[in-house]
2 protein chains.
Amino acid sequence: MADELLNASDLKEALENLPEWQLDEDKTGIQREFTFADFSQAFAFMTRVAMLAEKHDHHPEWQNSWDWVFIRLTTDDLGGVTEQDVDLALAIDELLD
Amino acid sequence: MADELLNASDLKEALENLPEWQLDEDKTGIQREFTFADFSQAFAFMTRVAMLAEKHDHHPEWQNSWDWVFIRLTTDDLGGVTEQDVDLALAIDELLD
């Protein structure tokens, strides 16, 4: 498990595999919005993400309102994006395939 | 199911039964923060709130980060606080008794 921040080059490469994710404004996290059919579908997705988070031992900052879910991933201890964030983002994307 | 905004007097009375909840800044919602032992406990609580939300046919705006959950209740259609918000807040509080 990586415990260092990705450098700009590694981060750029990682984001090429995460086309729906964006660096947040201060470049300390990656974020993505999701829209579902309704609350039930949105929360079902959140439940699966929660399982992934426990499995990865890495957890999102996230928000939900009805059919909308917003997820931000950051590695708090280091104040930026690490391999842990990228791995969780990839796993989340896989849920939607 | 109430479909009108609470007036100031009714809102004040309702909040007396919801001592942990606060009116938000623009007085269009009521909000509460919760802290748990860890993510697993926080998400277990969120799952129970999600069930309540479906049962009440009224849904929160909410955020989570690790052990922290923030819930805001508002009635979007009317842009303020109704009996629906108060009822859901009371039901959420009951989960924690």
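Guide: Let us begin with one strand of what is a predicted model: E3(A) has a covered face, made up of A:Trp62 and A:Asn64, and an uncovered face with A:Glu61, A:Gln63 and A:Ser65.

Visitor: What makes E3(A) and strand E4 of chain A a pair?

Guide: Two strands are said to pair when at least two bridges are found between them, and E3(A) is joined to E4(A), residues 68-73, by 5 bridges, with the two running antiparallel. One of the links is between A:Ser65 and its bridge partner in E4(A), A:Trp68. The two strands form a hairpin with 2 residues between them, and in the turn A:Trp66 has a positive phi of about 55°.

Visitor: How do you know that E3(A) also pairs with E3(B)?

Guide: The requirement is again at least two bridges, and E3(A), residues 61-65, meets E3(B) over 5 bridges in the antiparallel sense. Across this pairing A:Gln63 stands opposite B:Gln63, while A:Glu61 stands opposite B:Ser65.

Visitor: Why are E1 of chain A and E1 of chain B said to stand at the edges?

Guide: The sheet is open and has 8 strands in the order E1(A)-E2(A)-E4(A)-E3(A)-E3(B)-E4(B)-E2(B)-E1(B), with antiparallel pairing. The strands E1 (22-23) of chain A and of chain B each have a single partner strand, so one side of each is left without a neighbour in the sheet. For E1(B), that pairing is with E2(B), residues 30-35, over 2 bridges in the antiparallel sense, and there B:Leu23 has B:Ile30 as its bridge partner.

Visitor: What makes B:Phe70 buried?

Guide: The word is used for residues under 20% relative accessible area, and B:Phe70 is called buried because its value is 16%. This residue lies in strand E4 of chain B, residues 68-73.

Visitor: Which residues are in contact with B:Phe70, leaving aside its neighbours within four places in sequence?

Guide: With those neighbours set aside, B:Phe70 is in contact with B:Gln31, B:Arg32, B:Glu33, B:Glu61, B:Trp62 and B:Gln63. B:Arg32 is 38 residues away from B:Phe70 in sequence, yet their C-alpha atoms are 5.9 Å apart in space.

Visitor: How many residues does each chain bring to the contact between chain B and chain A?

Guide: Chain B brings 16 residues and chain A brings 16 residues. Together the chains bury about 1,400 Å², of which 68% is on carbon and sulfur atoms. B:Phe39, B:Phe43 and B:Trp62 supply 38% of the area that chain B buries against chain A, more than any other three residues.

Visitor: Which elements of chain B give two or more residues to the side that touches chain A?

Guide: They are helix H2 (39-56) and strand E3 (61-65) of chain B, and H2(B) provides the largest share, 8 residues. That side of chain B divides into 8 nonpolar, 6 polar and 2 charged residues.

Visitor: How many salt bridges and how many polar contacts are counted between the two chains?

Guide: A salt bridge would need a side-chain nitrogen of Lys or Arg within 4 Å of a carboxyl oxygen of Asp or Glu, and the count between chain B and chain A is 0. Polar contact, by contrast, is found for 2 residue pairs across the interface, both at pLDDT 80 or more.

Conventions
Residues numbered from 1 in each chain as written. Chains lettered and ligands numbered in written order. Predicted model: local features only at pLDDT ≥ 70, side-chain atom pairs only at ≥ 80, totals over all residues. Heavy atoms only, no water. Contact = heavy atoms within 4.5 Å. Buried area = accessible area lost by both parts, 1.4 Å probe. Polar contact = N/O pair within 3.5 Å; in protein donor to acceptor, adjacent residues only side chain to side chain. Helix = DSSP H or I, 4+ residues; strand = E, 2+ residues; numbered from the N terminus. Nonpolar A, V, L, I, M, F, W, Y, C, P; charged D, E, K, R; others polar. Buried < 20%, exposed > 50% of the residue type's maximum accessible area, 1.4 Å probe, protein only.
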